[in-house]
Amino acid sequence: MNFILKCLPKDLITQILKHNINRIEEIRIRSGKPVLLNMGNIEINLKYVINSNQIVGIVQSMCNNSIYAYQNEIMEGYITLPGGHRAGIAGNVVISDGKVTNISHIYSLNIRIAHQVENASDDVIRHILDTQNNTIHNTLIVSPPGCGKTTIIRDVAKRISNGIPEINFKGINVCIIDERGEIAALDKGIAYNDVGIRTDILDNVPKSVGIRMAIRSMAPKAIIADEIGNRDDVDIINYAVCSGVSCLFTAHGSCFEDLVKNNEISKIINLKLFKRIVFLDEKIKGKVKNVINI
Amino acid sequence: MIFVKFIILAAVFGTSSLIGIKLASGYKVRANNLKQMKKALKILEAKITYTYDKLPDLFLEISNKIGGDVGNLFFDVGRNMQLEFAGEAWEQCIEKSNLSITHDDKEALKSLGKLLGSTNMQGQLEQLHLVNDFLDEQIKEAVESKKKNETMYKKLGVIVGLAVVIVLI
């Protein structure tokens, strides 16, 4: 959070510090509009209007004065910040040869503050664990954005990696494919989030590449990654499951009908690669809404 | 008495020659500073292109490689960048620097600050190319000035010194 505050205009920092910064989940910044803080279900209007030059300044500071070094992330619409936080970016999207090459004239930022919440997976983990075989079921956790999926899989990674003595679950080797650096917040070889003692991390790598690397080199018993649903994901998840590795992934959606509208996830479900799909409650973070056994 | 007069005349001659040498060395130092600056910016360009490292790290790294006044400038910019925008840090350090360069040289170098760190790769490289092209012209001009003026000022220092000595004798 200190890094984020350092990147913001001084007047805005003063406004933010009037509130409990530990409870801030999102800082919404839009050009010519007041800055909004999201604290769980509470939204606070700071009545501090920000201009487009200030937004560019914020992005430049977040990129450590080197926007070019974050070009690939900006093309994806976000910047991953130290500590696993993420700033989503919106504005004029520049397309060249059918591909996004830049976001010029940034209009808005959504700074999402990552929180490591102890025991965030309390309600979910019982649906994931395969205690009989001391591993996890191939599971997909589904919810709309902002319902705590990443926080949950981070906590699951930590618990299955360390082991859960209460239920005699012995720690297993876990590999996190941290495509956006949000799960483990790895920076210069140091994981700023605790993801367990038997966890390996492949950071800033596409799942299609990272999962293959992990299976070949790190011999994981479980692989954890965030936000599946891309074209390459079917093949790589199939490869992982066929290799005998247990998988835990997340996807966006609010119900089964929503989920199967995504062609790639529909294919994965039809191939019966997942044993369970866990839907999270949209109102209470970390709470399970329903579970579908495939 | 003659001995004192001889010392005074020698001092006048020496001072005049030294002033000439000092004026001449200004041309040499300017050309060297511009060449060093060009070298540093070329390294910066290559590093940005191939390593994607962040600017503060690159400036500090280049300061170790280049040394001298340009190295010191890069060190100051790299350090200040951690607290302020890259462009501001660059412009302020150029303004305060001890480089023996002209006002035009300074203004052209400061123009790099307008976009430093605030654009994509293409923007950074284009800006660096512009400044490098300008430096090429300035280096050429500085080398010609050095050739033309360095010897002239040295000789002028000696001649003026001699002239004063002759008059005083």
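This is a predicted model: local features need pLDDT of at least 70, side-chain atom pairs count only at pLDDT 80 or more; totals for chains, interfaces and linings use all residues.

Biologist: Which residue forms a salt bridge with B:K110?

Modeller: The partner is B:E95, and the closest N and O atoms of the pair are 2.4 Å apart. The two residues come from distant parts of the chain: B:E95 lies in helix 4 (residues 86–96) of chain B and B:K110 in helix 5 (residues 103–110) of chain B, 15 residues apart.

Biologist: Is B:E95 buried or partly exposed?

Modeller: B:E95 counts as partly exposed, at 44% relative accessibility.

Biologist: What does B:D76 form with B:R79?

Modeller: They form a salt bridge, with the closest N and O atoms 3.5 Å apart. Both residues sit in helix 3 (residues 68–80) of chain B; because they are 3 residues apart, about one helical turn separates them. B:D76 is partly exposed at 27% relative accessibility, and B:R79 is partly exposed at 42%.

Biologist: Changing topic, what is the strand order of the open sheet in chain A?

Modeller: The 6 strands follow the order 3-2-1-6-5-4, with antiparallel pairing. Strand 3 (42–49) and strand 4 (78–80) of chain A each have a single partner strand, so each has one side without a neighbour in the sheet. On average, neighbouring strands of this sheet are turned by 35° against each other, direction ignored.

Biologist: Which helix packs on that sheet?

Modeller: Helix 3 (residues 52–62) of chain A does, and the strands it touches include strand 1 and strand 6 (99–112) of chain A. Its direction makes about 95° with that of strand 6 of chain A.

Biologist: Back to chain B: at what angle do helix 1 and helix 6 of chain B pack?

Modeller: Helix 1 (residues 2–51) and helix 6 (residues 121–168) of chain B pack at about 170°, with their axes 8 Å apart. That angle is over 145 degrees, so the two helices are roughly antiparallel. The residues of their contact divide into 28 nonpolar, 11 polar and 12 charged.

Terms used: Residues are numbered from 1 along each chain as its sequence is written. Chains are lettered from A and ligands numbered from 1 in the order in which they are written. Side-chain values use heavy atoms; hydrogens and water are left out. Axes are lines fitted to C-alpha atoms, for helices over the stretch in contact, and angles run from 0 to 180 degrees between N-to-C directions. Helices (H or I, at least four residues) and strands (E, at least two) are DSSP runs, numbered from the N terminus. Angles under 35 degrees count as roughly parallel, over 145 as roughly antiparallel, 65 to 115 as roughly perpendicular and the rest as oblique. Ala, Val, Leu, Ile, Met, Phe, Trp, Tyr, Cys and Pro count as nonpolar, Asp, Glu, Lys and Arg as charged, and the others, Gly among them, as polar. Two strands pair if DSSP finds at least two bridges between them. Contact means heavy atoms within 4.5 Å. A salt bridge is a side-chain nitrogen of Lys or Arg within 4 Å of a carboxyl oxygen of Asp or Glu. Buried means under 20% relative accessible area, exposed over 50%, partly exposed in between (1.4 Å probe, protein chains only).
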